[in-house]
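Please look over the sequence and the model shown here.

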Amino acid sequence: TVTAELSDSNSIIYTAPSGFTGIILMAQASNVSANTEQITFSHYDTSIPRETELVKDFDIPSADAAGLITGKLVLETGDSVRGFASTASTIKITLSVLESLNE
């Protein structure tokens, strides 16, 4: 499990470690503020390199949560997921990650 409190600038939440593939089974964002906040959550592919938004400026109402992916997201070694909130310290994110050794 990986948890993070998002800032208002794009930052890395999780990177698949050297020699491993990371499989994100679940990604949930919780709004802990009294206002509706927005989240952007993206996948960064180091082999291209390219960042692709999975959700962009997605509204999460106050005291509510949202799933950020449907299905699984596979990250090769060095790939990462990144994110930011419209206001710092208002969105907390939880990832359920399975790491598989590359052979």
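Strands β4 and β5 run antiparallel and are joined by eight bridges. Strands here, like helices, are DSSP runs numbered from the N terminus (E, at least two residues, for strands; H or I, at least four, for helices), and two strands pair if DSSP finds at least two bridges between them. This is a predicted model, in which local features need pLDDT of at least 70 and side-chain atom pairs count only at pLDDT 80 or more, while totals for chains, interfaces and linings use all residues. Residues are numbered from 1 along each chain as its sequence is written, and side-chain values use heavy atoms, with hydrogens and water left out.

Between β4 and β5 the chain passes through a hairpin of four residues. Phe41 has Val55 in β5 as its bridge partner. Strand β4 covers residues 37–45 and is also joined to β8, by six bridges, in an antiparallel arrangement. There, Ile39 has Ala85 in β8 as its bridge partner. Seven of the nine residues of β4 are buried, so the strand is mostly covered; buried means under 20% relative accessible area, exposed over 50%, and partly exposed in between (1.4 Å probe, protein chains only).

These pairings belong to an open sheet of four strands, in the order β2-β8-β4-β5, with antiparallel pairing. Its edge strands are β2 (11–15) and β5, each of which pairs on one side only. From one strand to the next, the twist averages 25 degrees; axes are lines fitted to C-alpha atoms, for helices over the stretch in contact, and angles run from 0 to 180 degrees between N-to-C directions.

Is Ser33 buried or exposed? Ser33 counts as buried because its relative accessible area is 15%. Contacts, meaning heavy atoms within 4.5 Å, link Ser33 to Ser62, Ala63 and Thr90, leaving aside residues up to four places away in sequence. The side chain of Ser33 also makes a polar contact with that of Asn31, at 2.8 Å. A polar contact is a pair of N or O atoms within 3.5 Å; within protein, one must be able to donate a hydrogen and the other to accept it, and residues adjacent in sequence count only if both atoms are side-chain atoms.

Side chains of opposite charge can pair when their charged atoms come close. A salt bridge is a side-chain nitrogen of Lys or Arg within 4 Å of a carboxyl oxygen of Asp or Glu, and the count here is one. Glu51 and Arg82 form a salt bridge, with 3.9 Å between the closest N and O atoms. The pair links distant parts of the chain, 31 residues apart: Glu51 is in β5 (residues 50–60) and Arg82 in β8 (residues 80–85). Glu51 counts as partly exposed because its relative accessibility is 30%.
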